[in-house]
Amino acid sequence: MYLRHQVGELFGVESNSIDELKGSPEFLQSMTDQTAVVRVFGWVGYFWWEFLQDLSDYKTIGICERLGCGSVLTGGHRDRRFCTKEENPECFRRRNADAQRRSRFNKETAPEPGHEA
Ligand SMILES: [Zn+2]
């Protein structure tokens, strides 16, 4: 049912069954219309096509600066330096763990109030 609804929505056809959808003139016309197709040859070609899409859309592209990650960052603020939770949950979790560890270390090594040098 969900797929029929999605296909119907895609072609602008209301239907109660797959057979009704397949028999509608709008759907049949859509199936005979020509569709532009991008031909990409191999992963290198795909990379360049994807890169061109990002450049054309003025997306900012960067590399995550967390040691050991290096994932490609697209979109977001221009000065973004790390993966978001949605992009790479593992990187996000490790970065927070590192920040927590640094915070605990700084609290342990900081001079007590009144004993500053
Ligand atoms: Zn990352």
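The expected span of a helix is 1.5 Å times one less than its number of residues. That rule is applied to H4 and H5 in the legends below.

**Figure 1. Helix H4 in the predicted model, end to end.** This is a predicted model. Helix H4 covers residues 42-56. At 1.5 Å a residue, its 15 residues should span 21 Å, and its end C-alpha atoms are 21 Å apart, which agrees. H4 is hardly covered. The count of buried residues among its 15 residues is 0.

Figure 2. Tyr58 sits in the loop between helix H4 (42-56) and strand S1 (61-63). Its phi is positive, about 55 degrees, although Tyr58 is not a glycine. The positive phi comes just after H4. Is Tyr58 buried or exposed? Tyr58 is exposed, because 6 other C-beta atoms lie within 10 Å, and a residue with 12 or fewer is classed as exposed.

Figure 3. Helix H5 runs over residues 89-109. It has 21 residues and reaches 30 Å from its first C-alpha to its last. That is close to the 30 Å expected at 1.5 Å a residue. H5 is hardly covered: 1 of its 21 residues is buried. Asp98 belongs to this helix. With 12 C-beta neighbours inside 10 Å, Asp98 counts as exposed.

Figure 4. Helix H1 takes in residues 2-11. H1 is hardly covered, and the count of buried residues among its 10 residues is 0. Gly12 follows H1. The phi of Gly12 is positive, near 70 degrees. Confidence needs a look in this view: among the elements of the protein, H1 has the lowest mean pLDDT, 75. Helix H5 has the highest, 93.

**Figure 5. Asn16, between H1 and H2.** Asn16 lies in the loop that joins H1 and H2. It counts as exposed, with 10 C-beta neighbours inside 10 Å. Asn16 and His5 are 11 residues apart in sequence. In space, their C-alpha atoms are 8.8 Å apart.

**Figure 6. Ser24, between H2 and H3.** Ser24 is in the loop between helix H2 (18-23) and helix H3 (25-32). It has 17 C-beta neighbours inside 10 Å, so it counts as partly exposed. Which residues does Ser24 touch, not counting those up to four places away in sequence? Ser24 touches Val13 and Ser15. Val13 is 11 residues from Ser24 along the chain, and their C-alpha atoms are separated by 7.5 Å.

**Figure 7. Val72 in strand S2.** Strand S2 spans residues 72-74, and Val72 has its place there. With 13 other C-beta atoms within 10 Å, Val72 is partly exposed. Val72 touches Ile61 and Ile63, leaving aside residues up to four places away in sequence. Strand S1 covers 61-63. The C-alpha atoms of Val72 and Cys83 are separated by 8.4 Å. These two residues are 11 apart along the chain.

**Figure 8. The whole chain, for orientation.** The secondary structure comes to 5 helices and 2 strands. Along the sequence, the pattern is α-α-α-α-β-β-α. The radius of gyration is 26 Å, well over the 13 Å that the globule rule gives for 117 residues, so the protein is more spread out than a compact globule. Along the principal axes, the C-alpha atoms fill a box of roughly 85 × 35 × 20 Å. Of the 117 residues, 3% count as buried. Among contacts between residues at least 6 apart in sequence, 6% join residues at least 24 apart. The average pLDDT is 87, and 97% of the residues score at least 70.

**Figure 9. The two assigned domains.** The domain assignment gives domain 1 (2-27) and domain 2 (59-109). Their C-alpha centres lie 44 Å apart.

How values were computed
Residues are numbered from 1 along each chain as its sequence is written. This is a predicted model: local features need pLDDT of at least 70, side-chain atom pairs count only at pLDDT 80 or more; totals for chains, interfaces and linings use all residues. Domain bounds come from an automatic or database domain assignment. A residue is buried if 20 or more other C-beta atoms lie within 10 Å of its own, exposed if 12 or fewer, and partly exposed in between; C-beta atoms are placed from the backbone. Helices (H or I, at least four residues) and strands (E, at least two) are DSSP runs, numbered from the N terminus. The radius of gyration is taken over C-alpha atoms; the globule rule is 2.2 Å times the number of residues to the power 0.38. Two residues are in contact if their C-beta atoms, placed from the backbone, lie within 7 Å. pLDDT is the predictor's confidence in each residue, from 0 to 100.
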